[in-house]
Each structure stands twice: as structure tokens, then as C-alpha cells.
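This report describes the strand order of a sheet and the packing of some helices. The chain is shown first.

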Amino acid sequence: MIPLDFLKAVASEQGVSDTELEALSLALSGEPIPAIATKLDIRPEAVRKRLGEIYKKFHITGAGPGKLAKLQQILVSLYQKDQKQHIFAALPEPVDGEVAIAQPRQDWSEAPDVSIFYGRKEDLAQLSHWIVEEHCRLVALLGMVGIGKTTLSVKLAQQLQGEFDCVIWRSLRHAPPARDFIADLLQFLSHQRKPYLPESLDEKISYLLEYLKNARCLVILDNLETILRPGDFAGHYEDKYKGYGELLRRVGEEPHNSCLILTSVEKPREIALQEGETLPVRSWQMTGLHDEEAAEILKSKRLTDESKWGNLIKVYRGNPLALKIVSTTIQELFCGSVTQFLKQRPTLVLRDMRDLIAQEFERLSKLEKEIANWLAIVGHPIFLTDLKNNIWIPVSELKLFEALESLGRRSLIEKNLAGFTLPPVAMDYVKNLLVEEISEEIFQTIKTGNPENIEMLKHYCLSIEADKEEKNESPNTSLILPIAESLRQVVRNKSSLQEQLQQILAKIQQSSPLEVGYAIDNLQNLIDELK
């Protein structure tokens with residue numbers, strides 16, 4: 001509904017009388033002519049006459065009920081124009097005959113403090129060029145957890161705020177449905193007045209785009225991955241959030257003067273379908289900090305053995321959050337010695353980082369988890385054809401390709417001339433998870449004596465060794481050794497453990513090769529390792 005005060009103002013400008021306005025207000029609210037006549041205590045013919053006079057004053061011709069719809073369109077259009085004017089209501093007036101510098105209206109919501117900021121000069125320069133010089137309408141900042149997407153989005157918005165009339169920063173961690181989110185934006189853009197809101201989502205987006213056309217607004221949506229559906233390929237929305245996909249599509253497709261920046265671990269489908277080097281939709285894949293930039297983090301944590309800092313930065317691929325977490329551990333447990341940590345390094349993924357990565361891996365589809373497991377077991381880059389030959393599930397080459405593409409859109413794949421692999425932190429997480437799950441399978445089998453429970457031992461070949469170069473960089477890549485060590489922690493008697501594994505091996509050797517898969521080889525390798 002159009003607010004009554006606005007309706008009165010427009011009616012007065014057009015010479016509409018108070019009695020005519022009464023009939024119009026009821027008609028716009030959906031009341032039929034007989035009901036209006038009853039409420040106003042007049043005849044239906046009198047209602048039609050009053051409405052007819054109003055149509056003439058708004059220069060609406062023709063016959064039939066379509067005239068009321070035309071009048072409603074005119075009133076909505078007038079109201080929208082009135083609302084747009086309020087975008088600039090907060091700009092300062094000229095002072096002492098001089099033109100005052102316009103300050104953008106800003107709403108930073110829950111944006112974090114970025115007063116301590118490391119590097120990213122190239123990222124900021126490229127993104128600023130896209131937005132200011134090339135007028136990109138939709139830009140996605142993508143990267144794995146901890147890479148610094150949120151921090152960069154805030155720093156970028158601060159750097160560009162002078163180029164825009166409005167700056168709006170929003171986190172989507174606890175996002176409302178799209179229609180409520182758009183209503184929130186419209187409330188800010190209309191200068192905190194209660195805005196006119198159409199009923200349908202499509203109309204709400206159209207109304208928002210009118211603002212984006214008539215003022216230069218910078219809107220930042222942080223953590224978009226939280227509204228995407230888990231357990232599916234990357235970029236699909238949860239049902240209640242599908243409206244955001246339509247919002248992104250139209251913001252990218254339709255011409256306007258504003259820019260929407262989003263951050264996400266996953267690339268939304270709308271970005272993948274619309275982006276291009278010369279198009280107004282772009283995506284920026286964030287990588288780790290350069291060595292000299294990452295070194296500032298280690299320096300702030302007062303770590304020693306500076307000659308080894310490069311090794312630590314390489315292992316964690318310059319991921320700022322990972323480096324902050326591991327630096328704290330090195331300081332607390334190794335007295336700040338990077339050398340001692342690299343020598344003993346029990347795991348790359350410490351508790352705080354593991355919790356964050358676990359959230360991302362829980363979102364993967366079943367096939368993506370399969371691929372991640374195999375890539376962790378292999379431990380070095382592998383080509384698509386070799387991966388297909390190793391995956392022991394019925395899957396088409398198309399599905400495999402789609403799953404790899406989805407992992408790439410989640411920033412969980414590294415690609416080079418040698419093939420595909422996982423980033424080191426993700427690989428270490430998956431390996432640790434496999435060791436835990438396979439060890440638990442074996443413990444349960446020892447307890448029950450039932451070899452039917454060893455599904456993962458059947459499913460995965462654990463004896464694939466890394467190539468020589470990868471071995472030199474990260475020794476003990478095979479899962480056989482850590483699984484054997486895990487078993488020793490529970491079954492202290494090595495001879496007893498070997499005997500129990502031999503008994504399991506003897507039982508499954510009686511089954512057909514198709515049923516046991518890799519289990520016989522895996523058990524034999526474990527027994528040999530224990531010897």
C-alpha cells in the first residue's frame with residue numbers, strides 16, 4: 001500500500017477533493033464499488049462518478065477496470081521517485097558560498113576492525129580498477145577459509161567509499177530470506193523512512209535496482225557461503241535463500257551505477273555464468289600472502305629462526321589465519337622456535353583451524369568427499385584420467401568432472417601442470433580424518449571379530465606413495481604408518497595386535513576379490529609395518 005500521507009499530497013496537487021480521496025483510498029485497498037458505497041453511505045453510481053473525476057484529473061482515458069490499475073501504476077511510480085530523493089537527504093549543504101564535499105552515507109553493520117592489515121596491494125589495486133574504472137556491477141572475492149576475504153572486503157570498501165553515495169556492509173552469517181534482506185536495504189536507502197514495498201520478490205528487486213540506478217551505491221555481502229546448500233555441488237542455494245540468487249543475477253545483468261561485492265568460500269552459480277574479463281561481473285580468486293607480507297604476521301608473534309619462516313609460510317600457503325593460529329601454538333609449545341615445530345610437526349591443522357575446515361568439508365557432496373579422500377591418499381598432483389581409474393565407485397566421467405569443478409569453486413583444489421591436488425592444510429585435515437575413521441573401523445572389527453565392518457579398508461588403497469619430490473618436502477605421506485601408530489596406542493602388545501590383524505586377514509581372504517576390494521593389501525601392509 002502507498003502511505004496515506006503521500007497519497008493525500010499527490011491528490012492535493014492534482015485537485016482531488018477530500019470526498020474523491022475517500023473513494024480512491026478504499027478502491028486502492030482492493031474494496032469493490034458496492035462495499036465502498038456502503039462504507040461512505042452513498043450510491044454505487046456516486047462512487048463511480050467520484051472515481052471517474054479522479055481518472056480525468058490524472059489524464060487516464062479508456063473504459064473498464066483497467067483504469068484503476070493504470071492509476072495505481074502512476075501513483076507507485078511517483079512514490080518511487082519520491083523515495084529516491086531521500087538517498088541524498090544526508091548530503092551536506094553548501095557553506096559560505098562554497099560547495100561542500102559530499103560525504104557518503106554509510107552503514108558498516110558488523111564489519112570487523114581492519115586497522116591491522118597485511119599486504120594485498122595488488123588485490124586492492126586490481127579490484128579498485130574493476131570497480132572505479134571499469135564500472136563492474138558484481139564482484140566476488142573467493143578463497144578458502146582463513147585467506148582474508150572479509151578483511152579485504154572491508155579494506156576495499158574503506159578505500160572506495162569516496163567514490164560512492166552510499167556504502168552498506170552486511171554479513172550473511174545469520175541472513176534473513178531475500179525479501180527481508182532487500183527490505184532492510186531499502187530502509188537504509190530511503191533514509192530510514194518506512195519504504196514502499198511491493199508484494200513479490202521480483203518487484204522488490206526491481207524497486208531496489210531503481211535506487212542502484214539513481215545513486216552510486218556500494219553494497220558488500222560477506223559470507224555468502226552460509227546461505228548455500230550443503231551436501232550438493234558448489235553454488236546451489238538453500239530453498240529459503242533462493243531469492244538471493246535472483247538478486248545476484250539481476251544485479252549482474254541489468255545496467256545500473258552501483259556495485260555489489262560478495263565474499264564466499266564457494267563461487268555462486270550466478271557469478272560462474274555471468275563473469276568474464278570484459279564483462280561487468282568478475283571474480284577474484286584470493287591466494288595467500290607474499291612471503292614478505294606473511295613474515296609480518298610471524299614477526300608480530302615474535303617467532304625465532306627467521307631463516308625457516310619461508311618454509312612455514314610455504315606449508316600454509318600464506319594463509320593469514322592459519323599462520324596466526326600456528327604462530328600462537330609455536331610460541332606457546334615450542335618457545336617461538338619455528339625449527340622445532342617443523343621438526344616435530346604432528347599435524348598442520350591445529351584445533352581452531354580444524355574446526356573451520358570441518359565446517360567446509362561437511363558441506364561437500366558425497367562424490368566431492370570421495371575425490372578429496374583419494375587426493376589426500378595419493379598425496380601429490382594427479383591427472384583426471386588417473387583419478388578416475390582410482391575411484392572405486394560407479395561414476396561417469398561427466399559427474400567426476402562436475403565434482404572437480406565444484407571443488408575448484410570451493411577453493412579446495414590446486415591445479416598445476418602435474419594435475420590436481422588439495423591445498424596442504426586441507427590435505428592434512430583429510431588425512432587425519434581418514435586415519436581416525438579407518439583406525440576406528442579396525443578397532444570395532446577387533447572387538448566384534450566381524451570383518452564386514454571394514455568398509456573403508458575395502459574402499460581405499462592406502463599404500464599409494466608420493467613421488468620423490470613430494471616425499472622430500474613432506475615425508476611419510478602414506479597412511480599406513482599413521483594408522484599403524486594409531487593402532488599401537490590402543491593395543492599396546494604389538495604381537496597381539498599382529499595376531500588379531502592376521503585373524504581378520506584370514507577371514508576376508510575367504511571372500512571373493514570383488515567383495516574385499518583393497519582390504520587384503522591394506523591389512524598385509526599394516527601387518528608388515530608393525531613387524
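The six strands of an open sheet follow the order β1-β3-β4-β5-β2-β6, with parallel pairing. Strands pair if DSSP finds at least two bridges between them; strands (E, at least two residues) and helices (H or I, at least four) are DSSP runs numbered from the N terminus. The model is predicted, so local features need pLDDT of at least 70 and side-chain atom pairs pLDDT 80 or more, while totals for chains, interfaces and linings use all residues. Residues are numbered from 1 along each chain as its sequence is written, and side-chain values use heavy atoms, without hydrogens and water.

β1 (105-107) and β6 (281-285) are at the edges, each with a single partner strand, so one side of each has no neighbour in the sheet. From one strand to the next, the twist averages 10°. Strands β4 and β5 run parallel and are joined by four bridges. Isoleucine 220 has isoleucine 261 of β5 as its bridge partner.

Helix α10 packs on the sheet and touches β2, β5 and β6. Contact means heavy atoms within 4.5 Å. Angles run from 0 to 180 degrees between N-to-C directions, and axes are lines fitted to C-alpha atoms, for helices over the stretch in contact.

| Pair | Residues | Angle |
|---|---|---|
| α10 and β5 | α10: 242-253 | about 135° |
| α17 and α19 | α17: 366-378; α19: 397-409 | roughly 80° |

The axes of α17 and α19 come within 9 Å.
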